Structures are given as structure tokens and as C-alpha cells.
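Thank you all for making time this morning. I would like to walk through one structure, slowly, for those who have not seen it before.

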Amino acid sequence: MQAITVRDRDAGVGGLTLTELPYPHAAENDVIVRVHAAGFTPGELDWPGTWTDRAGRDRTPSVAGHELAGVVVELGYGTTGLTVGQRVFGLTDWSRDGSLAQYTAVEARNLAPLATDIDDAVAAALPISGLTAWQALFVHAGLATGQTVLVHGAAGGVGSIAVQLANAVGARVIGTGRSCDRDVVLGLGAHAFVDLGADPVEDAGEVDVVLDVIGGEVLERSTALVRAGGTLVTIAMPPTVRPKDGRAVFFVVEPDRSQLAHLAQRVREGRLKPIVGAVRPLAETADAFAPRRRIPGKTIIQVATEQEGKRP
Ligand SMILES: NC(=O)c1ccc[n+]([C@@H]2O[C@H](COP(=O)([O-])OP(=O)(O)OC[C@H]3O[C@@H](n4cnc5c(N)ncnc54)[C@H](OP(=O)(O)O)[C@@H]3O)[C@@H](O)[C@H]2O)c1
């Protein structure tokens, strides 16, 4: 089968190579998914799990990408909860071969069923951004109706979902980003926008929750905006400063079937729209990791079509 692999940490995006690999092995509680659409994160080549397994051993060549939509074609020993032929979507383990491949082995619990009315590309754009936004707002920060949340990078993958989820729960949402993001962010349901290139982040005022995806100075200065009892959640880096009378949390997103199902249901109901900026073929993955122009939202790799997936 074809897959996009990396071997050399120093090669960067140029090291992403279209490779012929053996069909994967389904271990206990795994399924094999025929991948239709795959998502990736440009920064994943810096993540430890891209290069080593859970014991810290070199696992290269490793298959990149961690988000997928596709069809279950095989069940591992003892796997329950999913069936052969079922459409699924979800998040693959950081330290196993990923989703930029025609087939991949995934723990069944990392996947959720996918209804026929959700497009493969939309579903593949949902797992990392959707789960991260959900876990940041509701699991780590406990965002509630009537509270105010500051969402940094609000036009990006995580931020754009966070704005929609926070708005839906009845929070007041302040989004940040670049000047060109203003209309998109307000269109997603933010009540106010701070252009970080022109305005001080302090313009946001006091908030109950900060969701940071940028890190550095933006993260540090936002800490002072968290009111007593509030929470700063960052997915960018462990924070070096904490709110005076609040919590600071850094976390790495985890797969969760029931949260995936909630997200998919909102997409079906038209209450959540992941932004798919571009769809490209597997052979163009390296270009997609380092696009020549700024593409809003997620770039999705179309590995196979639904029709191709039905061929024997
Ligand atoms: N810890 C975790 O579990 C976890 C999970 C998901 C993602 N992440 C990480 O979180 C980060 C965000 O992920 P994402 O998928 O949301 O990325 P993304 O789609 O690139 O979104 C980031 C957004 O923030 C904007 N931005 C960045 N720096 C900015 C600045 N200084 N001023 C104004 N706007 C700025 C970006 O604009 P430009 O595109 O113009 O720069 C973009 O709109 C990435 O580093 C990713 O690796 C971590």
C-alpha cells in the first residue's frame, strides 16, 4: 500500500515521502481502516511520537498524519464496538503509524461511527481540532453559560471550532487573530475580535477562560486577564506564568469516542462547521504541509474516494 513516511528528523517537510509499505497488522482491539481522507498538523514533525514509540525507541520510517475518515475493513482479535464495512472517523495514536496511508491500524476506541451525511473531508478535519477545542473548553476549563472566553488564533483549526462551541454553550466569545481573520471569526459567532497585529491583547478585558494556541508573549500577557477562579488553557506550550488567582493548564489532546460522536452530531445539525481550506491528493502531502500561500482552515488529504473504497 502507499503511505507518506518520514525517516530523518533533520529533513523537515522535505522528508515526507510517498512510500510503498506492507498492509498493516491489526493487533488486539484494533481495526484496520481503509482511509478515504486524512488530516495532519504541520507541526507534527516536531512531536516526539512521530519518531519514537512509547518506550522511546526509534520507530522510523513512520507514517505521518493522525486524523482520518474511512471504512473499517478488518477487526483485530477481540475487537468490539465497530463492524467491517462501517464508516468511521477519529484520531490515531501519536506513536503509531498514522493516517496518511491507504490503510492504517487504529485502536477501535479511538474512532467513532460516521453518519453517511457527513463528508469524508469534513470528518477528517474534525478529530484534532474538535477534540482539542472540546477538551480545552469543557474538560479543562469548565466553561459555562454566561462566562467570557478569550480564544486566540480564532480563525485556525482549533480556534474556529472553539468559537462555535463556546458560542453554542452561551458564553461571550472574544476571538483573536490577524486583521484578515476578523470577518471569519465574527462570522463563526465571536462577539468581539482583537487584531493581535494592531491592538494590545489587554483590549479583551477580564475573562473567565483563555484558550491559547499561540504561546510566547501572547500566552504570558493573557494570563493577567484571567479573573479570580478562572482558567488559562494552553495547547501551545507548558506555561511559565499562572493567573494570580486561577489555574493554568497545558494538555495534549486525547482520543475520545463519545466526544467525537457529540462533535459529529453538531455537524449533522448544522451547528458546527469545520473549515476545510483545501483538499489535495496523497502525492502532494509535502506541499500541503508547507503551502506557498496562507490557506484558512484545515488542508485535507484525499487518499481514496468512497467509490474506490467499494472496489474489491
Ligand atoms: N496540545 C495539543 O493537544 C494540540 C492540539 C492541536 C493543536 N496543537 C498545536 O496548537 C497550535 C494551533 O493549532 P491549529 O491547528 O489551531 O493551528 P492553525 O490552524 O494554524 O491556527 C492557528 C491560528 O493562530 C493564528 N496565529 C498564530 N500566531 C499568531 C499571532 N502571533 N498573531 C495572530 N494570529 C496568530 C494563525 O494565523 P497564521 O496562520 O496567519 O499564522 C492561525 O489562524 C499548533 O501549534 C498545533 O501544533 C496542540
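What you see is a predicted model, in which local features need pLDDT of at least 70 and side-chain atom pairs count only at pLDDT 80 or more, while totals for chains, interfaces and linings use all residues. Residues are numbered from 1 along each chain as its sequence is written, and side-chain values use heavy atoms, with hydrogens and water left out.

Let me start with the parallel sheet. Helices (H or I, at least four residues) and strands (E, at least two) are DSSP runs numbered from the N terminus, and two strands pair if DSSP finds at least two bridges between them. With that in mind, six strands form an open sheet in the order β11-β10-β9-β12-β13-β14, and the pairing is parallel. β11, residues 192-195, and β14, residues 247-250, stand at the edges with a single partner strand each, so one side of each is left without a neighbour in the sheet. From one strand to the next the twist averages 15°, where axes are lines fitted to C-alpha atoms, for helices over the stretch in contact, and angles run from 0 to 180 degrees between N-to-C directions. Strand β10, residues 172-177, runs parallel to β11 and is joined to it by four bridges; glycine 175 has phenylalanine 193 in β11 as its bridge partner.

Which strands does helix α2 touch? This helix, residues 127-140, packs on the sheet and touches β9 (148-151), β12 (207-212), β13 (226-234) and β14, and its direction makes about 150° with that of β13; contact here means heavy atoms within 4.5 Å. Helix α5, residues 216-223, lies across β9, β12 and β13 and runs at about 160° to β13. Just after α2, glycine 142 takes a positive phi of about 55°.

Now to the ligand. It has 17 residues around it, of which Gly157, Arg178, Phe251, Val253 and Arg294 come nearest, a residue being near if one of its heavy atoms lies within 4 Å. A polar side-chain atom of arginine 178 lies 2.6 Å from an oxygen atom of the ligand, a polar backbone atom of valine 158 is 2.9 Å from a ligand oxygen atom, and a backbone N or O atom of isoleucine 235 lies 3.1 Å from a ligand nitrogen atom.

Turning to aromatic rings, a search of the whole structure finds four pairs. Rings of Phe, Tyr and Trp (its six-membered ring) pair if their centres lie within 6.5 Å, and planes under 30 degrees apart count as stacked, over 60 as edge-to-face and the rest as tilted. Phenylalanine 40 and phenylalanine 289 form a stacked pair, at 4.2 Å centre to centre and 15° between the planes. Phenylalanine 40 lies in the loop between β3 (30-39) and β4 (62-63) and phenylalanine 289 in helix α7 (residues 285-289), so the pair ties together parts that are 249 residues apart in sequence. Phenylalanine 40 is buried, with a relative accessible area of 5%, and phenylalanine 289 is also buried, at 5%.

β3 also takes part in antiparallel pairing, with eight bridges to strand β5, residues 67-75, where glycine 39 stands opposite glutamate 67. β5 in turn is joined by five bridges to strand β6, residues 87-91, again antiparallel.

Threonine 79 sits in the loop between β5 and β6 and is buried at 10% relative accessibility. Its side chain reaches the backbone oxygen of aspartate 30 at 2.7 Å. Asparagine 29, in the loop between β2 (17-20) and β3, has a positive phi near 65° and is partly exposed, with a relative accessible area of 42%.

Lastly, the peptide bond from threonine 60 to proline 61 is cis, with omega near 0°, and proline 61 lies in the loop between β3 and β4.

How values were computed. Buried means under 20% relative accessible area, exposed over 50%, partly exposed in between (1.4 Å probe, protein chains only). A polar contact is a pair of N or O atoms within 3.5 Å; within protein, one must be able to donate a hydrogen and the other to accept it, and residues adjacent in sequence count only if both atoms are side-chain atoms.
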